[in-house]
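Subject: Structure handover

Hello,

Here is the structure you are taking over. My notes on what was found in it follow below.

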Amino acid sequence: MTWAFLSLRKMQLKQRLSVYQNRLIQISQKIMDMQEMASAVADGKITYQEATSGPSSVFGTQLNFLGQSSNIAYQSAQVKTNAYLQQMQAINQATGGQYQYALDPNANLAYMQNGQIQPYLVFNEIYKEELKAFADQYAQELNRQEQDLEQEKLTIETQIKAIQAEYESVNEQESQNIQNDAIKLS
């Protein structure tokens, strides 16, 4: 009669196995989605193509990233641009404009135009750098979350192996008990 209890145990093990396998699938999908997200934000910007071709599960996260990164980068670029321009103005006043002439007009600097510093170009360069810096920080956080998920995935895979081993053992015991309990005709 113990084979009936073993059958119940097998059913419990199958249910647990199913739960763990479903969780493993969810984790694997989330890891792939996070990798897509990390790829999309790597340069600090999310293009229209990246937003529309990415997984729908991260679309809202991409929009949040866009809002946060652009806001933070804009505010930081404003502060840094103003500080840079004030410093350059002070240096030029202190040197009688000599420092301005010391900058190589042929150097093709991103913030120079016709030998003059252009505030909007300075702002643009700093803004790009700030977007990239925000993306780098965001990527580090995504990487940490991915590592946590990988660890959880490893734990679940170990649990699955243990359940499968127990299932095999219970299955063998059940077969033996059925054979032992069978009526033997001689």
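E141, R144 and D148 are linked in a network of salt bridges. Please keep in mind that this is a predicted model. The structure holds 8 salt bridges, and three further pairs are described here.

Salt bridges

E174 forms a salt bridge with K10, and the closest N and O atoms of this pair are 2.8 Å apart. Buried or exposed, which is E174? E174 has 9% relative accessibility, so E174 counts as buried. K10 also counts as buried, because its relative accessibility is 15% and the cut-off for buried is under 20%.

E130 is paired with K80 in another salt bridge, with 2.6 Å between the closest N and O atoms. Here too distant parts of the chain are linked: E130 belongs to helix α5 and K80 to helix α3 (residues 59-94), 50 residues apart. The two partners fall into separate classes of accessibility. E130 is buried, with a relative accessible area of 15%, whereas K80, at 41% relative accessibility, counts as partly exposed.

The salt bridge between E125 and K128 has its closest N and O atoms 3.6 Å apart. Both residues lie in helix α5, 3 residues apart, which is about one turn of the helix. E125 counts as partly exposed at 25% relative accessibility. K128 counts as partly exposed at 43%.

The chain as a whole

How many helices and strands does the protein chain have? There are 5 helices and 2 strands. Read from the N terminus on, the elements run α-α-α-α-β-β-α. The protein chain has 186 residues, and buried residues make up 28% of them.

The largest pocket

About 150 Å³ of space lies in the largest pocket. The elements that give two or more residues to its lining are α1 (2-41) and α5 (119-181). Which of the elements gives the largest share of the lining? That is α1, with 6 residues. The lining as a whole consists of Q26, Q29, K30, D33, M34, M37, S57, V58, T61, Y138, L142 and Q145. By residue class, the lining divides into 5 nonpolar, 5 polar and 2 charged residues.

One of the lining residues is L142, which is found in helix α5. L142 is buried, with a relative accessible area of 7%. The C-alpha atoms of L142 and A38 are separated by 6.9 Å, although the two residues are 104 residues apart along the chain.

A nonpolar patch on the surface

F5, L8 and M11 form a nonpolar patch on the surface. Together these residues have about 340 Å² of accessible area. L8 is found in helix α1. Why does L8 count as partly exposed? Its relative accessibility is 47%, and partly exposed covers the range between the buried cut-off of 20% and the exposed cut-off of 50%.

T81 has its place in helix α3. T81 is buried, as its relative accessible area is 5%. The C-alpha atoms of T81 and V122 are separated by 6.4 Å, and the two residues are 41 residues apart along the chain.

Where to look

After that, the largest pocket can be found through its lining residues, among them M34, Y138 and L142. The patch of F5, L8 and M11 can then be viewed on the surface.

Regards

Technical notes. Residues numbered from 1 in each chain as written. Predicted model: local features only at pLDDT ≥ 70, side-chain atom pairs only at ≥ 80, totals over all residues. Heavy atoms only, no water. 1 Å grid on protein atoms, 1.4 Å probe; cavity = no way out; pocket = protein on both sides within 12 Å on 5 of 7 lines; lining within 4 Å. Points joined across faces, edges and corners; volume = space filled by probe spheres on them. Helix = DSSP H or I, 4+ residues; strand = E, 2+ residues; numbered from the N terminus. Nonpolar A, V, L, I, M, F, W, Y, C, P; charged D, E, K, R; others polar. Salt bridge = Lys/Arg side-chain N within 4 Å of Asp/Glu carboxyl O. Buried < 20%, exposed > 50% of the residue type's maximum accessible area, 1.4 Å probe, protein only. Patch = residues over 30% accessible without salt bridge, like charges linked within 9 Å, V, L, I, M, F, W, Y side chains within 5 Å. Areas by Shrake-Rupley, 256 points an atom, 1.4 Å probe, with all protein chains shown as cover.
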